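Hi everyone, thanks for coming. I'd like to take a few minutes to walk you through a model, so let me put it up on the screen.

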Amino acid sequence: MRLDIDALNAPEALWAADTVYRADLFRDRVALVSGAGSGIGRAVALLFARLGARLVICGRTLEKLDAVADFVRAKGGEVLAVPTNVREPDQVENLFAQAHAHYGRIDCVVNNAGGQFPQHAIDFTPKGWSAVIHNNLTGTWLMMQRAARYWRDQGAASASMLRSICNIVVVTERGMPGVAHTVAARAGIIGASRTVAVEWAPLGIRVNCVAPGLTATEGLRVYPPAAQKEFPLANPMKRPGTPMEIAEAVVYLSAPSGSFITGEVLTVDGGGRLWGELWTAGRPEYYQFS
Ligand SMILES: CCCCC/C=C/C(=O)SCCNC(=O)CCNC(=O)[C@H](O)C(C)(C)COP(=O)(O)OP(=O)(O)OC[C@H]1O[C@@H](n2cnc3c(N)ncnc32)[C@H](O)[C@@H]1OP(=O)(O)O
Ligand SMILES: NC(=O)C1=CN([C@@H]2O[C@H](COP(=O)(O)OP(=O)(O)OC[C@H]3O[C@@H](n4cnc5c(N)ncnc54)[C@H](OP(=O)(O)O)[C@@H]3O)[C@@H](O)[C@H]2O)C=CC1
């Protein structure tokens with residue numbers, strides 16, 4: 001399979017890509033995107049910026065954030081970049097404090113930061129399991145809860161406020177061999193999202209998830225060549241999704257187009273939930289065809 005990862009993720013290409021949304025959709029809004037220095041998070045941040053949003057972006061690596069921020073500013077957009085490890089409560093606190101001090105408001109939060117390593121579950125060490133659970137379950141949870149407290153402290157919501165949380169997860173229905181730790185973490189986020197969609201509705205907050213299937217980002221390079229070779233078998237379309245396709249789904253849920261949607265998981269996987277095989281750590285002999 002030829003994955004044109006660099007071309008699909010180039011900021012200029014993302015900025016020029018077709019979008020179904022109107023250019024002022026997020027004018028005067030503030031969108032906070034985690035893990036925005038690369039891949040899906042960067043595509044989401046750039047789409048928000050193209051649609052008029054002022055950005056808060058975070059991730060652990062300042063250089064990656066600066067590159068995105070410089071690009072957006074060169075296009076006339078406004079960005080606050082705050083290096084943050086979402087696993088650390090104090091850093092999450094600092095992120096929201098800086099965002100409020102800078103803009104005085106936050107409208108949408110996209111919890112995209114995350115990742116894992118491929119390994120057969122029987123070989124997980126306690127430390128490896130914990131690292132993935134902390135990154136993807138605890139980190140996303142800390143961001144969700146901080147956002148809800150922020151909006152609660154802002155007072156009653158008005159009809160014009162978005163107050164949207166969108167969590168990037170994985171498709172969990174059939175599990176995913178080779179990444180059981182991340183499937184466990186993301187299933188936890190889906191369950192928590194459905195629960196707080198109810199608890200936080202009185203605060204005017206909507207909570208949804210986007211579950212991408214195989215998506216062509218830099219992140220795929222951590223997978224072994226044997227797994228990468230089989231990635232076209234991941235869905236009936238026999239291709240990876242693009243970061244722009246995921247970004248359009250995130251915007252759909254975050255914008256007024258999603259105003260009657262909460263507690264939902266929007267799967268964007270080319271039908272991979274219905275047909276396909278994704279052996280992230282390679283196909284075991286037992287499952288070979290011959
Ligand atoms: C095609 C498949 C689709 C599946 C759907 C999802 C796709 C994607 O998400 S695409 C990619 C997204 N991006 C990434 O996954 C980024 C790369 N991953 C990581 O950064 C790490 O995996 C991390 C999430 C665990 C990073 O956390 P961190 O705390 O920084 O972890 P450490 O590097 O310190 O490692 C802690 C601990 O974890 C075990 N471990 C880490 N890497 C591996 C590995 N490659 N193989 C086996 N075990 C690993 C290990 O126990 C580490 O401890 P030490 O042994 O003491 O280093
Ligand atoms: N690509 C795919 O096929 C799929 C991806 N996903 C999920 O989508 C999200 C984005 O992945 P993708 O763009 O592909 O891969 P990337 O690896 O490019 O993106 C992950 C981003 O998250 C940041 N990040 C990771 N851990 C933390 C942390 N603790 N605190 C703050 N930032 C963090 C990373 O930056 P830094 O290291 O600088 O902190 C990086 O920018 C992830 O949650 C991923 O698991 C889900 C399904 C499929």
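When I say that two residues are in contact, I mean that their C-beta atoms, placed from the backbone, lie within 7 Å. Some housekeeping: this is a predicted model, in which local features need pLDDT of at least 70 and side-chain atom pairs count only at pLDDT 80 or more, while totals for chains, interfaces and linings use all residues. Residues are numbered from 1 along each chain as its sequence is written, and chains are lettered from A and ligands numbered from 1 in the order in which they are written.

Let's begin with Gly 37. Leaving aside neighbours within four places in sequence, Gly 37 is in contact with Arg 42, Gly 59, Thr 61, Lys 64, Leu 65 and Val 68. Where does Gly 37 lie? The answer is the loop between strand S1 (30-34) and helix H3 (39-50); helices (H or I, at least four residues) and strands (E, at least two) are DSSP runs, numbered from the N terminus. Is Gly 37 buried or exposed? Gly 37 has 26 C-beta neighbours inside 10 Å, so Gly 37 counts as buried. The rule, again with C-beta atoms placed from the backbone, is that 20 or more other C-beta atoms within 10 Å of a residue's own make it buried, 12 or fewer make it exposed, and anything in between is partly exposed. For a sense of distance, Gly 37 and Gly 270 are 233 residues apart in sequence, and their C-alpha atoms are 25 Å apart in space.

Staying with H3, that helix also holds Arg 50. Arg 50 counts as buried because it has 22 C-beta neighbours inside 10 Å. Beyond four places in sequence, the contacts of Arg 50 are Trp 15 and Thr 19. From Arg 50 to Ser 193, 143 residues away along the chain, the C-alpha separation is 28 Å.

How many residues surround ligand 2? There are 30, and the closest are Gly 35, Gly 39, Arg 60, Gly 114 and Gly 219; a residue is near a molecule if its C-beta atom, placed from the backbone, lies within 6 Å of it. H3 and H6 each supply at least two residues of this shell, and the largest share, three residues, comes from H3. By class, the shell around ligand 2 has eight nonpolar, 18 polar and four charged residues. Here Ala, Val, Leu, Ile, Met, Phe, Trp, Tyr, Cys and Pro count as nonpolar, Asp, Glu, Lys and Arg as charged, and the others, Gly among them, as polar.

Now over to ligand 1. Its shell has 20 residues, the closest being Gly 115, Phe 117, Gly 128, Ala 131 and Gly 219. The classes here are 11 nonpolar, eight polar and one charged.

Next, the helix packing. H6 (residues 126-154) and H7 (residues 180-199) pack at an angle of about 20°, with their axes 8 Å apart. Axes are lines fitted to C-alpha atoms, for helices over the stretch in contact, and angles run from 0 to 180 degrees between N-to-C directions. H6 and H7 are therefore roughly parallel to each other; angles under 35 degrees count as roughly parallel, over 145 as roughly antiparallel, 65 to 115 as roughly perpendicular and the rest as oblique. Among the residues making this contact are Trp 129, Ile 133 and Trp 141 of H6 and His 181, Ile 189 and Val 196 of H7. The contact of H6 with H7 has 11 nonpolar, five polar and one charged residues.

On to another partner of H6. H5 (residues 89-103) and H6 pack at about 40°, with axes 10 Å apart, and that makes H5 oblique to H6. Pro 89, Val 92, Glu 93 and Phe 96 in H5 meet Leu 142, Met 143, Arg 146 and Tyr 150 in H6. These residues divide into six nonpolar, no polar and two charged.

Let me finish with the backbone. Most residues other than glycine have a negative phi. Asp 28, in the loop between helix H2 (11-16) and S1, has a positive phi near 70°. Asp 28 is exposed, because 12 other C-beta atoms lie within 10 Å. Arg 163, in the loop between H6 and strand S5 (164-168), has a positive phi near 45°. With 21 C-beta neighbours inside 10 Å, Arg 163 counts as buried.
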